[in-house]
Amino acid sequence: MVRYFATAARGLEAIAARELETLGATEVSPDFTGVHFVGDRELLYKVNLWGRIIFRVLVPIAEFPCHNSRELYQAVREIDWQDYLTPDNTLAVHCTGGNQQLNHTHFTALQVKNAIADRQRQEWGRRSSVDVKNPDLAINLHVYRDRGILSLDSSGESLHRRGYRPAVGLAPLKETLAAALLEMAEYRGEIAFFDPLCGSGTLPLEAGLKALNIAPGLFRDRFAFQAWKDYDPTLWQKLIAEAKEQQLSALPAPILGSDRASESIRQAKDNSQSCGLSDRISFELRDFSQIQPPCDQGIILCNPPYGKRIGEVKKLEGFYKLLGDVFKQRFTGWTAYILTGNKELAKKIGLKASRRFPVYNGSLACTLLKYELY
Ligand SMILES: C[S@@+](CC[C@H](N)C(=O)[O-])C[C@H]1O[C@@H](n2cnc3c(N)ncnc32)[C@H](O)[C@@H]1O
């Protein structure tokens, strides 16, 4: 059994922990922007394949006192790097956190790289080259107070990059946040789902993947662990085959998205095409004022524009009032969720929220508001 650390967006740690438990992780314990858990290699692959909410899975290989760059260099040089890479493999080092002495992540990462290179030169007379985009081995150093934790990154590119969404609009949600919002809305696929401000379609597409039990990792070309020395392709192929078998072919209830911007609808349709859902999710060009419920009950989930400048915010007041009016008047029997980063605008909705979930959209503190419409 191995200890892992899955990174996740701030505020989503508890929901990410639940996801990991469902996938079979044990000793699951949420921490700041991540979750510790324990499992075997199969679980590591499975979590990369099925994780909808986490960003990446790190495998800690060393923990050491790390007050300053000298101590860091020594500790990294002592690691037996032959276990992980040869000079023919490329590497990249990414650093997070810091302390008083190590307060420049680029410089700190450089120290790690130098220590690995010096150790390799001593043993092989040669060293690995750096490839920041597509390394054979991605290394993460996290510095917290006077400790350093060095990990191998098993995911590589962040897992929110599913690989199905080349086209993104102006203010797209991260797929991982969209998946977390669907969890908060307790969406399981059995009732209708509608995003009337769908932009490039992130929420309906994530809803579709979830409802059809499609593993989000199936769209990715590559995970970092596939270049590791201990990579087990048979195990990986078994997990891929199982994931494909577990997919449903028909949606239990409709999923719809609409938006008034034709470019957004074009992008949403392109994205649904690339994840094979174009015949199952409907995207329509429609102004919000014209929307109608497709059936008697379901979940509406949307993130309206927040407006960054004062003038924009003023203009949006009427739109937020319209959101409340349309939901109240036309969507009896539905439950609506609105993600907003502006409390003043949220008041204009004019409905009483039955729940409020604090979330971060990037660095912006937001709230997901829940409205029961009856
Ligand atoms: C913040 S974006 C939503 C982004 C989307 N969740 C995504 O991930 O791509 C807000 C969307 O609301 C749409 N919108 C704004 N006012 C609208 C209106 N009156 N009717 C329909 N759509 C509108 C915009 O075109 C924009 O795509």
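## Ground rules

Residue numbers start at 1 in each chain and follow the sequence as written. Because the model is predicted, local features need pLDDT of at least 70 and side-chain atom pairs count only at pLDDT 80 or more, while totals for chains, interfaces and linings use all residues.

## The chain as a whole

The chain has ten helices and 14 strands (DSSP runs numbered from the N terminus: H or I of at least four residues for helices, E of at least two for strands). Its radius of gyration, taken over C-alpha atoms, is 23 Å, close to the 21 Å from the globule rule for 374 residues, so the chain is as compact as a globular protein of that length. That rule is 2.2 Å times the number of residues to the power 0.38.

Along the principal axes, the C-alpha atoms fill a box of roughly 75 × 45 × 40 Å.

## H5 against H6

Two packed helices are described by the angle between their axes and the distance between the axes. Helix H5 (residues 175-184) packs on helix H6 (residues 202-211) at about 65°, with the axes 9 Å apart. Axes here are lines fitted to C-alpha atoms over the stretch in contact, and angles run from 0 to 180 degrees between N-to-C directions. H5 and H6 are therefore roughly perpendicular (65 to 115 degrees; under 35 is roughly parallel, over 145 roughly antiparallel, the rest oblique).

On the H5 side, Glu 175, Ala 178, Ala 179 and Leu 182 meet Thr 202, Leu 203, Glu 206, Ala 207 and Lys 210 of H6 (contact: C-beta atoms, placed from the backbone, within 7 Å). By class, that makes five nonpolar, one polar and three charged residues. Ala, Val, Leu, Ile, Met, Phe, Trp, Tyr, Cys and Pro count as nonpolar, Asp, Glu, Lys and Arg as charged, and the others, Gly among them, as polar.

Residues in the contact include Leu 72, Tyr 73 and Val 76 of H3, plus Val 112, Ala 115 and Ile 116 of H4.

Arg 41, Glu 42, Tyr 45, Lys 46 and Leu 49 of H2 touch Leu 235, Trp 236, Leu 239 and Ala 243 of H7. Those residues divide into six nonpolar, no polar and three charged.

## Around the ligand

The ligand is surrounded by 19 residues, with Leu 197, Gly 199, Thr 202, Arg 260 and Phe 288 the closest (C-beta atom, placed from the backbone, within 6 Å). This shell has ten nonpolar, six polar and three charged residues. Thr 202 belongs to the ligand shell and also to the H6 side of the H5 contact.

Terms used: Two residues are in contact if their C-beta atoms, placed from the backbone, lie within 7 Å.
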